[in-house]
Amino acid sequence: MNTSPKALLFKELQDRIKTEASEIVWINQNLAQYLNDEKRKAMIFPCVLIDFPNTDYTALQGDIQMGNATIMVTLFFDIWNQTYHVAPNQTIEDGLSYFDIEQKIYSCLQGWAASFTQPLVRTNSKNQNINDLGLRVIELTFTTAYEDWTNNEDNYVGLGLNT
């Protein structure tokens, strides 16, 4: 069983997205799979890759720390529908559907808290095309905080997961 707060948070995020956003068909860690031809073939779109690029820690008491974590939730879409002004309306709607999925991911995570964290807060959204790969990419940045008791052996408090 994982005791790392980030591993536990990853699993809870994965479960939350799987439950609340059925349009997402593949959820994994962000190990830059999209940059490797062989690994990208395993990706199923639309998908989400999750990463924890930065966590700042402050001391609370003894070996207990408060972690202020940044969470990157990156959505990948393989969309080729035309959205030009004279395209059929359904084609345009299909071509813009990724915005609805982005909104659904935001809605399911904004204000949600894992069993041991403060509620997540979206702090940034970045949209881009990776034209050489033919992918539409949306990076959502969230923040949260949690107490890390794992190094306080005298008074260890589990992170509240019953898995």
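How many aromatic pairs does a search of the whole structure find? The search finds three, and since the model on your screen is a predicted one, please read every distance and angle on this tour as computed from that prediction.

**The whole chain**

If you display contacts between residues with a separation of 6 or more, 57% of them come from residues 24 or more positions apart.

**Helix α4**

Next, select residues 97-109, which make up helix α4. At 1.5 Å a residue, the 13 residues of this helix should span 18 Å, and its end C-alpha atoms lie 19 Å apart, which agrees. Show the side chains and colour Tyr98, Ile101, Glu102, Ile105, Tyr106, Cys108 and Leu109, which are buried in α4. As background for reading such a list, an α-helix has 3.6 residues a turn, so residues three or four places apart point the same way. Just after α4, stop at glycine 111, which takes a positive phi of about 85°.

**From α4 to strand β3**

Where does the search for aromatic pairs lead from here? Among the three pairs found is that of phenylalanine 77 with tyrosine 98, a tilted pair with 5.6 Å from centre to centre and 45° between the planes. This pair links distant parts of the chain, with phenylalanine 77 in strand β3 (residues 64-77) and tyrosine 98 in helix α4, 21 residues apart. Both phenylalanine 77 and tyrosine 98 are buried.

**From the loop to strand β5**

Now select phenylalanine 116 and tyrosine 146, whose ring centres are 6.0 Å apart and whose planes meet at 75°, so the pair is edge-to-face. Here too distant parts of the chain are linked, because phenylalanine 116 lies in the loop between α4 and β4 (121-130) while tyrosine 146 belongs to strand β5 (residues 135-148), 30 residues apart. Phenylalanine 116 and tyrosine 146 are both buried.

**A charge over a ring**

Finish by returning to tyrosine 106 and selecting arginine 122 along with it: the charged end of arginine 122 sits over the ring of tyrosine 106, 3.6 Å from the centre of that ring.

Note on methods
Residues are numbered from 1 along each chain as its sequence is written. This is a predicted model: local features need pLDDT of at least 70, side-chain atom pairs count only at pLDDT 80 or more; totals for chains, interfaces and linings use all residues. Side-chain values use heavy atoms; hydrogens and water are left out. Helices (H or I, at least four residues) and strands (E, at least two) are DSSP runs, numbered from the N terminus. The expected span of a helix is 1.5 Å times one less than its number of residues. Buried means under 20% relative accessible area, exposed over 50%, partly exposed in between (1.4 Å probe, protein chains only). Rings of Phe, Tyr and Trp (its six-membered ring) pair if their centres lie within 6.5 Å; planes under 30 degrees apart count as stacked, over 60 as edge-to-face and the rest as tilted. A charge sits over a ring if NZ of Lys or CZ of Arg is within 6 Å of the ring centre and within 35 degrees of the ring normal. Contact means heavy atoms within 4.5 Å.
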